[in-house]
Structure formats: C-alpha cells, structure tokens
Amino acid sequence: QTDKQIRTDLINAGWNKNDVNNTMDYLVIKIYFNSKLKSGFNKEQIKKSLLDKKWNKDIVEKVFNELK
C-alpha cells in the first residue's frame with residue numbers, strides 16, 4: 001500500500017487523523033534521513049532540505065535529535 005492508502009485506512013478504522021499523520025510523517029522523515037545519510041549527506045543538510053520543503057519542524061527536530 002502507498003503512504004496515502006495507509007493513512008486513509010487507519011483514519012477510516014477510527015484512528016485519530018492527527019496521530020496518523022504525525023506518525024506517518026515521522027516514519028517518512030526518518031527513512032529519508034537514513035537514506036540521505038547513507039548517500040553521504042550530513043545531518044544539517046538533510047534537516048535544512050526538509051524544513052525548506054515545509055515538513056513539520058517539530059517532527060524534523062525529533063528525528064534529527066534522535067540521530068545524534
């Protein structure tokens with residue numbers, strides 16, 4: 001299933017929409033961070049890229065701090 005399908009299925013199953021979206025965004029950001037780190041980017045570059053693309057600052061910071 002796609003990210004969008006998973007979000008929709010969970011919300012339709014009665015899960016809180018904000019919880020679903022925040023959790024899915026966290027997972028997407030964490031996967032992105034790990035992928036870019038393996039490609040040779042540093043944490044600050046990745047963080048700036050995500051924030052420039054308007055990802056949720058609190059979630060980006062959480063993942064960033066977990067990687068330290």
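Entry 1. I began with Asp25, which lies in helix H2, residues 17-38, and I kept in mind that the model is predicted.

Entry 2. Next I asked which residues of helix H3, residues 43-52, are buried, and I listed Ile46, Lys47 and Leu50. Looking down the axis of H3, I saw that these buried residues fall within an arc of 100 degrees, so they line one face of the helix. I recalled that an α-helix has 3.6 residues a turn, so residues three or four places apart point the same way. What covers the buried residues of H3 includes H2 and helix H4, residues 57-66.

Entry 3. I then checked both ends of H3. At its start, a side-chain oxygen of Asn42 reaches to within 3.0 Å of the backbone nitrogen of Glu44, and H3 is followed by Lys54, which has a positive phi near 70 degrees.

Entry 4. Last, I looked up how H2 and H3 pack, and found an angle of about 140 degrees with the axes 10 Å apart; the two helices are therefore oblique to each other. I also noted that H2 passes H3 in a right-handed crossing. In this pairing, Ile29, Tyr32, Phe33, Lys36 and Leu37 of H2 meet Lys43, Ile46, Lys47, Ser49 and Leu50 of H3.

Conventions:
Residues numbered from 1 in each chain as written. Predicted model: local features only at pLDDT ≥ 70, side-chain atom pairs only at ≥ 80, totals over all residues. Heavy atoms only, no water. Helix = DSSP H or I, 4+ residues; strand = E, 2+ residues; numbered from the N terminus. Buried < 20%, exposed > 50% of the residue type's maximum accessible area, 1.4 Å probe, protein only. Arc of directions from axis to C-beta. Contact = heavy atoms within 4.5 Å. Polar contact = N/O pair within 3.5 Å; in protein donor to acceptor, adjacent residues only side chain to side chain. Axes fitted to C-alpha atoms, helices over the stretch in contact; angles between N-to-C directions. Parallel < 35°, antiparallel > 145°, perpendicular 65-115°, else oblique. Left-handed = near helix turned anticlockwise from the far one by under 90°.
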